[in-house]
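Let's take a walk through a protein model together. Have the sequence and the 3D view open as you read.

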Amino acid sequence: MAKTLVQEFSKGLWKELPPFRLVLGLCPVLGVTTTMENGIGMGLATTFVLVCANILVSLLRNVIPQKVRIACFIIVIASFVIVVELLMQAYAYPLFSESWVFLFP
Amino acid sequence: MNEMIKMVVVLTVLAALSGGLLAAVRSGTSEQIESQQLQFVKGPAIKEILSGASNDPISDRFNLMVGESEATFFVGKFNDKAHTVAFEGTGRGGYGGDIGVMVGVNVETDNIIGVAVTTHSETPGLGAKAKTDPKFTAQFEGLPVTKPSNSPKAAGRSTPFPAPPSPPGRWSAALRAPWSDIRKLKPQIMEEIKAFR
């Protein structure tokens, strides 16, 4: 059965919540979200990387050959992670110093 | 064959674009990052080491080449005499990578007046306690920088390092690099410091 748009966008809120239901990224979540500021900061950083990487991958999906798909995804995602790292260092240094060891190892 | 060429071209273009983007962001943020590091990392360490200085050590500073990189030396004036400098050295030998250490040295007596860990990648709650536990940095105060083998142990002091698995000897070894830099650069430091007297 095809999922509705609401189901698609709401599944990440609980049904497929990455850290607690899919057990993905549990370590950085537990390590970083010790205060509300850190939790919000990590959420914004993760959202930025996910949105930018998904948009770029969607735009390039017909150009990228199947055999180098994973390598290309790694380049795209890693680039955005480093962009976030540099921006956090430049504009949110206290947040960066609290979370870098978990987010940018 | 065509697919092979396409794979090479796509990966090359993507890697080049990624490199270009990162280089642009890096150069665009480098000044801001330096200012943030001075405010949040080096600033507190400098103020801790040079506490009681009559000047503002963060504004009274000069740069010297340490090996292939440039290091900033912060000058502390005590009793109207500029005889103390603090600078950040990089110690190699930490378990998680390089250790950034701010070292304060009285260049007239060649004694270490204070040490503060600025950056490290040690395990939070274990090796990372070296940054927050004053017992660790206190053991280096008063040691001479002129002796290559200086260490708290050699000076007959106990080494109350807070936690395993980073033994004191390993941290002391990592901290020895800045001592060595100070010894090598002393003539240049003495020359530069004259401007602040």
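Here is a look at one chain, and then at the place where two chains meet.

First, some ground rules. This is a predicted model, in which local features need pLDDT of at least 70 and side-chain atom pairs count only at pLDDT 80 or more, while totals for chains, interfaces and linings use all residues. Residues are numbered from 1 along each chain as its sequence is written, chains are lettered from A and ligands numbered from 1 in the order in which they are written, and side-chain values use heavy atoms, leaving out hydrogens and water.

Start with chain B. You'll find four helices and five strands there (DSSP runs: H or I of at least four residues for helices, E of at least two for strands, numbered from the N terminus). Going from the N terminus, the order is α-β-β-β-β-β-α-α-α. Of the 197 residues in chain B, 44% are buried, meaning under 20% relative accessible area (1.4 Å probe, protein chains only).

Now for the meeting place. Chain A brings 25 residues to the contact and chain B brings 22 residues, where contact means heavy atoms within 4.5 Å. Together the chains bury about 2000 Å², with 79% of that on carbon and sulfur atoms; this is the accessible area (1.4 Å probe) lost on putting the two parts together, summed over both. On chain A's side, A:I75, A:L86 and A:Y93 provide 27% of the area that chain A buries against chain B, more than any other three residues. Both α4 (69-91) and α5 (93-103) of chain A supply at least two residues of the side that touches chain B, and α4(A) gives the most, with twelve residues.

Notes:
Buried means under 20% relative accessible area, exposed over 50%, partly exposed in between (1.4 Å probe, protein chains only).
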